[in-house]
Amino acid sequence: MSHSEFWNPFLETLPRQKLEQLQLYKFKRIFSWAYQQSKFHRSLYDAAGITPDDIRTLDDVRKVPKVEKSMMQAIQNKDPFPYGDALCVPLEEVSTFRQTSGTTGQPVYQPDTWQDWEWWAECWAYILWSQGYRTSDRVFLPFGYNIFVAFWAGHYGAEKLGCEVVPGGVLDTQARILKIQELQATAMMATPTYVLRMADVAKNKLGIDPASLSIDKITCAGEPGAGIPATKKRMEAAFGAKVFDHSGATEIGAWSYECRHQPFGMHVNEAMFLVEIEDMETGEPITEPGIKGKMVITALDRMAQPCIRFDAKDVIQWDPDPCTCGRTFRLIKGGVIGRADDITKVKGVLLSPAAVEAVVRSFEALGDEYELIVERPGDVDHITLKVELKPGADRVQVESGLKDQLRLKTNLGYDLQFFEYGSLPRYKLKARRFKDLRKKDNL
C-alpha cells in the first residue's frame, strides 16, 4: 500500500496490539492529568474510589465514571470564569473559545490551548488527506464562522495540508455559489442539509447546474446524511462530486472519517481517541461487530478541558470487515446512525429518524426536505410525515410506494401529508426535522 494513502503512515497502519498499547498509555496519561489538575474530575473519581494506579489494562477503563453534557453545563459559569471546575490549565493558557451549538440545551463552553487547537488541526489533516485533499485543492467553506466549532478546525486542517482555503462566511447562499463558480473551487465542507440547499438554490434561483461547478469532493458533518446511501447519492448526483462523511463534536474533537475508498462507514482515529460502545439499555460493553449501541469516547490528547469517557449519545456499531484502504483503524458501519436521544419507541417499535430519511431520499419525486412528527393525542402514538412533491410527480403512485417502503423499513404506519415543492422549512446548518411532541404532553 502506497504511503501517499496516509497522512501518518506509521500510526494509521499500526498493528492492533501496538495500537491498543498506545491507547492504554495515552488513556493513563490523560486520566492522571485530569485527576491532578481538574477539581471536577478529581471529585468524580474520588467518589468512585478510583485513582490512576487502578488503570492497568484497557478493560480497567470501564471502571472510570462517565461524563455527560449536563454535568459540564452544571459546573460552568464560575471561576475560573466561564469554564469552572474542569479547566486543567491556567486561564491565561486558553487561546481558543468555542461552545456547543445548544441544540440539546444550554451551551457548553470549550476552552482550548494553542496546543489543543494544533491537535484539532492534526485530527482534520487525517480526515482530509484520507479523502483526497491535496496541496492543489482550492477549498471553499460555506459556513457562518461563529462561536460553535462547525468547520473551523477543518479550515485549519486544510491549511495544514497546504490547500488554498476560501472562507465563505458572511456571504449568502447565492453569493457562495457564484464565488465557487468564479474561483473554480475544487472542494467544500458543509452539513448534508446545506449541500442539498446549495444545489437547490443553484438550479432554481441561479439557473446553474451544480454539477457544472468544479467541486469534485465534499466533506459533510453535523448530521447523519452523508452516511445514509440515499442522501449521499442525492448529493453526489447533484454536484457530480464524491461526498465523504465525518463526525466530530465541540467537546470531543474530530474523531472519525470516511476515507476515499468510501467503505459505507467511518474510520475511528484510534491513535487519538478511544471509542467504546455500550448497550443503550444495560450499559454493558459491546465489542462484537454489527450490534448497535451508544458511544462512550475519550479524546486522548486534549488537555485544557479533557474529554474522558464522554457519553456522546451517538448510536454506532463496529464493522466486521477492515477497509480496503489498509488502515488498521476500525470502521463504524454506516457512520453515526443517529442519536440515542432521537431513537425512540413508537407503538412499541424502535424508530430511528435516519431510517425515515433513507426512505424519503430514495424517492426521486420527493424534495430534499421533510418533517417527522410523533404525537400522542389520546392513548395511541400518531406519526405524521410531511414531504414535498416535485412538480409533475404522480402523487397517488408516490404515496403508495412511500407507504410500502416505510412499512418495510420501519415497521410503522404514517399519516402522509404532501406539500408543494419549496414550502417546508429550509435549514442552513443542522436541521431539526424530527419532533417528538409526546414529551411535551408529559406522557
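This note goes through several features of a predicted model, point by point.

1. Helix packing. Helix H2, which covers residues 16-37, and helix H3, which covers residues 39-48, have axes that come within 6 Å and cross at roughly 105°. Because angles of 65 to 115 degrees count as roughly perpendicular, H2 is described as roughly perpendicular to H3. On the H2 side the contact is made by Phe31, Ala34, Tyr35 and Gln37, and on the H3 side by Lys39, His41, Arg42, Tyr45 and Asp46.

2. A four-stranded sheet. When you trace the strands in the order S19-S18-S17-S20, you follow an open sheet of four strands with mixed pairing. Strand S19 (415-420) and strand S20 (434-436) stand at the edges with a single partner strand each, so one side of each has no neighbour in the sheet. From one strand to the next, the twist averages 15°.

3. Pairing within that sheet. As background, the strands of a sheet pair through backbone hydrogen bonds, either parallel or antiparallel. Strand S18, residues 382-389, pairs with S19 in the parallel sense, over six bridges. Within this region, Thr384 stands opposite Asp415, a residue of S19.

4. A helix across the sheet. Helix H10 (residues 353-361) lies across strand S17 (366-375), S18 and S20, and the direction of H10 runs at about 145° to that of S17.

5. Cysteines. The structure holds zero disulfides.

6. Leaving aside residues up to four places away in sequence, Gln317 touches Ile277, Gly290, Ile291, Lys292, Leu331, Ile332, Lys333 and Ile337.

7. The loop between H4 and S1. Several backbone features can be found in this stretch. A cis peptide bond joins Asp79 and Pro80, with omega at about -10°, and Pro80 lies in the loop between helix H4 (69-75) and strand S1 (94-99). Another cis peptide bond joins Phe81 and Pro82, where omega is about 0°, and Pro82 also lies in the loop between H4 and S1. Asn77 has its place in this loop between H4 and S1, and its phi is near 65°, a positive value in a residue other than glycine. With a relative accessibility of 40%, Asn77 counts as partly exposed.

8. Phe264. A positive phi is found at Phe264, where the angle is near 55° in a residue other than glycine. Phe264 sits in the loop between strand S8 (253-257) and strand S9 (265-268), and it counts as partly exposed because its relative accessibility is 40%.

Terms used. Residues are numbered from 1 along each chain as its sequence is written. This is a predicted model: local features need pLDDT of at least 70, side-chain atom pairs count only at pLDDT 80 or more; totals for chains, interfaces and linings use all residues. Side-chain values use heavy atoms; hydrogens and water are left out. Axes are lines fitted to C-alpha atoms, for helices over the stretch in contact, and angles run from 0 to 180 degrees between N-to-C directions. Helices (H or I, at least four residues) and strands (E, at least two) are DSSP runs, numbered from the N terminus. Angles under 35 degrees count as roughly parallel, over 145 as roughly antiparallel, 65 to 115 as roughly perpendicular and the rest as oblique. Contact means heavy atoms within 4.5 Å. Two strands pair if DSSP finds at least two bridges between them. A disulfide is a pair of cysteine sulfur atoms within 2.5 Å. Buried means under 20% relative accessible area, exposed over 50%, partly exposed in between (1.4 Å probe, protein chains only).
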